[in-house]
Amino acid sequence: MCKQTKTDKWGKREVGQWLQVPFQRFLIGLFALFSLSRAQVLLLATLMACGYALWPHSGHANEQQRGRLLYLTLSAGFKHDTVAPSRDIVKGIGEKSGAFDTTLADDVSGFTAENLRNYDAVMFYTTGELPMTSDQKTALVDFVKSGHGFVGVHSATDTFYMWSDYLDIVGAYFNDHPWHQQVTVDVADPESPLVKFLGKSFQVNDEIYQMSDFQAKTSHVLLKLDTSSVDMKNPRVRQRFYGYPLAWTRSVGAGRAFYTALGHEEAVWKSDWFQQLLLNGIRWAMGGH
Ligand SMILES: [Zn+2]
């Protein structure tokens, strides 16, 4: 049985070996080539995927983590020349850092409960009594208190004097600017990640606000005026127990507010340090650290 089988199959094997061996070698070679190519393709694909994910501003994950900012520049009162350039600057800060995308608004139509759902923070460089309906005002308060951000720059405190809920968000009202000159600004909290990069103090040439109604107990002061750098005998100066705060943060319900009184001069807006301060404030207001 064994012999017969051997004989029967031998012939086939003998013929088959000549045919099969090169064919098997070809298959093995083809498979090896295919495997190698596939490995290379996989490696290349992995490298490309990693590069894509790690590349700033282009990764899908980064896109999802980007904050969304609604930047309002509506002047119902005094209009600053810096409003126009500030729009491109804020947009640029978001694009350069990859931290947020900016929607520019020069009217209040976007301030509805429905539309605010598209944003992580709103930013005001405004003046006067903005023409918001009571529903829009409620939507703004609800937006911040429910855990979103508010960022105010310079004349954001020269806004909504007639609406006390706004004072709860921004933290003070503008009350004249006795000085417009080079001053020394003290970093009130040098450990704060928002202003640590500024050191202990710095010089700035800007219009310097003094505040009324500052919510001192519920605000965390980051920057304040060094009063030795200005004329305190100026008749426009009002002495207040909280001094002359120039930047602070506040908790508003579950939300966060950041404000800086600086930002009148275009040169200030164009400064790297001011843009870094705004970036830090915006990130923080959006829930970052
Ligand atoms: Zn100003």
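## Helix α3

The expected span of a helix is 1.5 Å times one less than its number of residues. Helices (H or I, at least four residues) and strands (E, at least two) are DSSP runs, numbered from the N terminus. With 15 residues, α3 reaches 21 Å from its first C-alpha to its last, close to the 21 Å expected at 1.5 Å a residue. Just after α3, G98 takes a positive phi of about 75°.

The model is predicted: local features need pLDDT of at least 70, side-chain atom pairs count only at pLDDT 80 or more, and totals for chains, interfaces and linings use all residues. Residues are numbered from 1 along each chain as its sequence is written.

## Buried and exposed sides

S86, V90 and G94 are the buried residues of α3 (20 or more other C-beta atoms within 10 Å of a residue's own, C-beta atoms being placed from the backbone; exposed means 12 or fewer, and partly exposed in between). Seen down the axis of α3, these buried residues fall within an arc of 70°, so they line one face of the helix; the arc is that of the directions from the helix axis to the C-beta atoms. D88, G92 and K96 are exposed on the other side of α3.

Covering the buried residues are, among others, β1 (67–72), β2 (100–105), β3 (121–124) and α7 (266–270).

## Packing against α8

The axes of α3 (residues 83–97) and α8 (residues 272–285) come within 10 Å and cross at roughly 70°; axes are lines fitted to C-alpha atoms, for helices over the stretch in contact, and angles run from 0 to 180 degrees between N-to-C directions. The contact is made by I89, I93 and S97 of α3 with Q275, L278 and L279 of α8 (C-beta atoms, placed from the backbone, within 7 Å).

Note on methods. Contact = placed C-beta atoms within 7 Å.
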